[in-house]
Amino acid sequence: MIDIIIIAIVFGYAGWAIYKGVKKSKKGACASCSQQKSCSAVCDNSTAPSSEQK
């Protein structure tokens with residue numbers, strides 16, 4: 001009985017991890033990054049119009 005519970009936990013966690021991964025990948029690299037506010041990469045500059053380019 002305990003084997004079934006352990007297997008269910010493992011498969012449940014694997015399903016959750018896959019779901020979260022797919023959800024993040026749909027957002028794009030910079031949008032799903034946990035450091036998007038402090039990152040020095042130019043991801044936001046290429047996708048968002050800049051107010052300095054007038």
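Tyr 13 is exposed, at a relative accessible area of 54%. Here exposed means over 50% relative accessible area, buried under 20%, and partly exposed in between (1.4 Å probe, protein chains only). The model is predicted: local features need pLDDT of at least 70, side-chain atom pairs count only at pLDDT 80 or more, and totals for chains, interfaces and linings use all residues. Residues are numbered from 1 along each chain as its sequence is written, and side-chain values use heavy atoms, without hydrogens and water.

The chain contains 2 helices and 0 strands. These are DSSP runs, numbered from the N terminus (helices: H or I, at least four residues; strands: E, at least two). Of its 54 residues, 2% are buried. Accessible areas come from the Shrake-Rupley method with a 1.4 Å probe; for residues, only the protein chains shown count as cover.

The structure has 1 aromatic pair. Tyr 13 and Trp 16 form this tilted pair, with 5.7 Å centre to centre and 35° between the planes. Rings of Phe, Tyr and Trp (its six-membered ring) pair if their centres lie within 6.5 Å; planes under 30 degrees apart are stacked, over 60 edge-to-face, and the rest tilted. Both residues lie in helix 1, 3 residues apart, about one turn of the helix. Trp 16 is partly exposed, at 48% relative accessibility.

A nonpolar surface patch is formed by Met 1, Ile 2, Ile 4, Ile 5, Ile 6, Ile 9 and Val 10, with about 770 Å² of accessible area together. Nonpolar side chains (Val, Leu, Ile, Met, Phe, Trp, Tyr) are joined within 5 Å, like charges within 9 Å. Val 10 belongs to helix 1 and is exposed, at 51%.

Lys 20, Lys 23, Lys 24 and Lys 27 form a positive surface patch. Lys and Arg count as positive, Asp and Glu as negative; His and the chain ends are not counted. Lys 20 lies in helix 1 (residues 2-27) and is partly exposed, at 37%.

Key: Patches are made of residues with over 30% relative accessible area and no salt bridge: like charges are joined within 9 Å, nonpolar side chains (Val, Leu, Ile, Met, Phe, Trp, Tyr) within 5 Å. A salt bridge is a side-chain nitrogen of Lys or Arg within 4 Å of a carboxyl oxygen of Asp or Glu. The place of a charge is taken as NZ of Lys, CZ of Arg, CG of Asp or CD of Glu.
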